[in-house]
Amino acid sequence: MKLRGSIALVTGSNRGLGKALVSALLDAGAAKVYAAARDPRKVVSTDPRIVPLALDTSKPEQIAAAARGAGDVTLLVNNAGVASAANVLTASQAALEADFATNVYGTLAVIRRFVPVLERATAGATIVNVLSLASLGSFPALGGYSASKAAAYSITQALRGELRGKLIDVLAVLPGPIDTDMVRDLPMPKTSPVDVARGVLAGVERGEEEIFPDPMAVEMGALWNRSHKEYERAFASF
Ligand SMILES: NC(=O)c1ccc[n+]([C@@H]2O[C@H](COP(=O)([O-])OP(=O)(O)OC[C@H]3O[C@@H](n4cnc5c(N)ncnc54)[C@H](OP(=O)(O)O)[C@@H]3O)[C@@H](O)[C@H]2O)c1
């Protein structure tokens, strides 16, 4: 899709990758960006094209209000996410459910409400789901999170099938570690959110169904294409 002139909505846009995506969309010529956040007062809006929007993806009434208030969206970026659950054998049930609540059910709830909005875009529309390399193979140290991101990837594939014949593309973003609050305490090489956001938008412009937006993701994406088993083994020690 062409980003110039697009009208985007980014969930979880007050910090981390979401904030970088809003800036990158403005740089790419978006006409308007709904910067959705649980607390929209935390959205920094120096550009008149930014429209802060209250959106907690666990609150159906807020999602409905957002779909009414942002009825001109052509690009929906489901970025909001959490990483609560660590190893699957020891993570609490509450932590496992928290990851699924936001990363799977919250994302799906937003999509369900916004599909009728996106259908109105006569020149076509795009849904971008920010997933993870963990969607394609588990990081055992974040096994619960990985399971939720794998489920979100499966839902992304289901949506492609369900929306076939409509002018709505459904793209999966599969980043490696990003230098944000989410993995602040994990000692590993990370890509800056600014660079990842640029990589995401380059993939959106090219209409790639699987976007690997940073150097580690590109390398791991090539491995995944070569051998799913080798990919699984590469992450087994994480
Ligand atoms: N960081 C990484 O290494 C990495 C790697 C691959 C993929 N990702 C994915 O990238 C996306 C962005 O993550 P990040 O690294 O930027 O994390 P982050 O810095 O922790 O930011 C997470 C964002 O999601 C929002 N959020 C959480 N639950 C929400 C809810 N119920 N409703 C609305 N917003 C909610 C947060 O809002 P509050 O400020 O209100 O909490 C925050 O804006 C996530 O989907 C994550 O899984 C991250």
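## How pockets are defined

A pocket is an open set of points, on a 1 Å grid over the protein atoms alone, where a 1.4 Å probe fits and where protein lies on both sides within 12 Å along at least five of seven lines; lining residues have an atom within 4 Å of a point. Grid points are joined across faces, edges and corners, and a volume is the space filled by probe spheres set on the points.

Please keep in mind that this is a predicted model, in which local features need pLDDT of at least 70, side-chain atom pairs count only at pLDDT 80 or more, and totals for chains, interfaces and linings use all residues. Residues are numbered from 1 along each chain as its sequence is written, and side-chain values use heavy atoms, with hydrogens and water left out.

## The ligand and its shell

Let's start with the ligand.

Polar contacts are pairs of N or O atoms within 3.5 Å. Tyr 145 places a polar side-chain atom 2.7 Å from an oxygen atom of the ligand, and a side-chain N or O atom of Lys 149 is 2.9 Å from a ligand oxygen atom. From Gly 12, a backbone N or O atom lies 3.2 Å from an oxygen atom of the ligand. Taken alone, the ligand exposes 900 Å² (Shrake-Rupley method, 1.4 Å probe), and the protein buries 94% of that.

## The largest pocket

H1 gives the most to the lining, with 3 residues.

## The second largest pocket

The second largest pocket has a volume of about 190 Å³. Its lining counts 14 residues, with Met 1, Lys 2, Ala 123, Gly 124 and Ala 125 closest to the centre. Strand S5 (125-130) and strand S6 (168-173) each supply at least two residues of that lining.

Note on methods
A polar contact is a pair of N or O atoms within 3.5 Å; within protein, one must be able to donate a hydrogen and the other to accept it, and residues adjacent in sequence count only if both atoms are side-chain atoms. Helices (H or I, at least four residues) and strands (E, at least two) are DSSP runs, numbered from the N terminus.
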